[in-house]
Amino acid sequence: MELNELPLNLCEPMKRKMRNEFAVDINSILPSQVNRKLTTCSVNWDSLLLLIDLKDAHSQFNSLVVDRVSGFTLVKQTTNVLMKELWKDNRLSLTKIKMLAAYCKIKRNIPYVRKDVQLLRLKSIDHCKRNTSWIAYHNLHHVIRMGDNRLEIYFNDLATPIYIDGNYSFIKKQEETSYQIRSMEEMICNQVNSLFGYQKNCHFNYQSPDKDDCFTDLMKLIK
């Protein structure tokens, strides 16, 4: 299978540096070296690779969006604001994802999980940060530990590895958590469909006359 190159819409010296090193080091990219800068951005979640928090990094831009099609984009919106746009338009709202996580007894560091888009949190080195960086698990091929809080990431169909700050153990835990939430959702869908004779899908909104709180909570998970 032929691998593609990540678009390097950077200034020429940085572009040459990245190509000579056969990798992209997120930490070495300065805001002045990124050609594409936006006040607001509509993220393409299907082609997203990384959503990096830059707030408090002495830049007027708060986020770096790394996309397999458009390359690098600096955005004035924070990562939390960009994520809110995703939460508005999906089958499982943030509240429902938290409900699924609760059934799995997961209370902290919940990844964003739905059928076509899965985003894992990247552990912040700065504990004071309130915005979260994310990695697109649905486009992830594999992660290599480079050292303490340093990762080498390979994405599907891309030849270019990306270096970022992050904790390897934390990422592995996020992968496990994502799998647990997906499995819980599938189990609930299968049980409800089995009870009421629906085909296997999670897109109906059955309203039960049963007043049992537990059952009602389960039904709220199905949209």
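A cavity here is a set of grid points where a 1.4 Å probe fits but cannot get out. The views below show a predicted model.

**View 1. The largest cavity and its lining.** One cavity of 30 Å³ or more is counted. The largest cavity holds about 40 Å³ of space. Its lining includes Trp87, Leu94, Ile97 and Ile110. Pro111, Tyr112, Arg121 and Trp134 also line the largest cavity. By class, seven lining residues are nonpolar and one is charged. No polar residue takes part in this lining. Arg121 is the charged one, because Arg belongs to the charged class.

**View 2. Asn9 ahead of helix H1.** Asn9 sits in the segment before helix H1 (12-21). Its relative accessibility is 18%, so Asn9 counts as buried; the cut-off for buried is under 20%. The side chain of Asn9 reaches the backbone oxygen of Ser70 at 3.3 Å. Beyond its neighbours within four places in sequence, Asn9 is in contact with Gln33, Val34, Asn35 and Arg36, among others. Ser70, Gly71 and Phe72 are also contacts of Asn9.

View 3. Phe22 lies in the loop between H1 and strand E1 (24-25). Phe22 is not a glycine, yet its phi is positive, at about 55°. Most residues other than glycine have a negative phi. Phe22 counts as exposed because its relative accessibility is 66%, and exposed means over 50%.

**View 4. Asn149 between two strands.** The loop between strand E9 (140-147) and strand E10 (150-155) contains Asn149. Phi of Asn149 is positive, near 55°, in a residue other than glycine. At 33% relative accessibility, Asn149 counts as partly exposed.

Note on methods. Residues are numbered from 1 along each chain as its sequence is written. This is a predicted model: local features need pLDDT of at least 70, side-chain atom pairs count only at pLDDT 80 or more; totals for chains, interfaces and linings use all residues. Side-chain values use heavy atoms; hydrogens and water are left out. On a 1 Å grid over the protein atoms alone, a cavity is a set of points where a 1.4 Å probe fits but cannot get out, and a pocket is an open set with protein on both sides within 12 Å along at least five of seven lines; lining residues have an atom within 4 Å of a point. Grid points are joined across faces, edges and corners, and a volume is the space filled by probe spheres set on the points. Helices (H or I, at least four residues) and strands (E, at least two) are DSSP runs, numbered from the N terminus. Buried means under 20% relative accessible area, exposed over 50%, partly exposed in between (1.4 Å probe, protein chains only). A polar contact is a pair of N or O atoms within 3.5 Å; within protein, one must be able to donate a hydrogen and the other to accept it, and residues adjacent in sequence count only if both atoms are side-chain atoms. Contact means heavy atoms within 4.5 Å.
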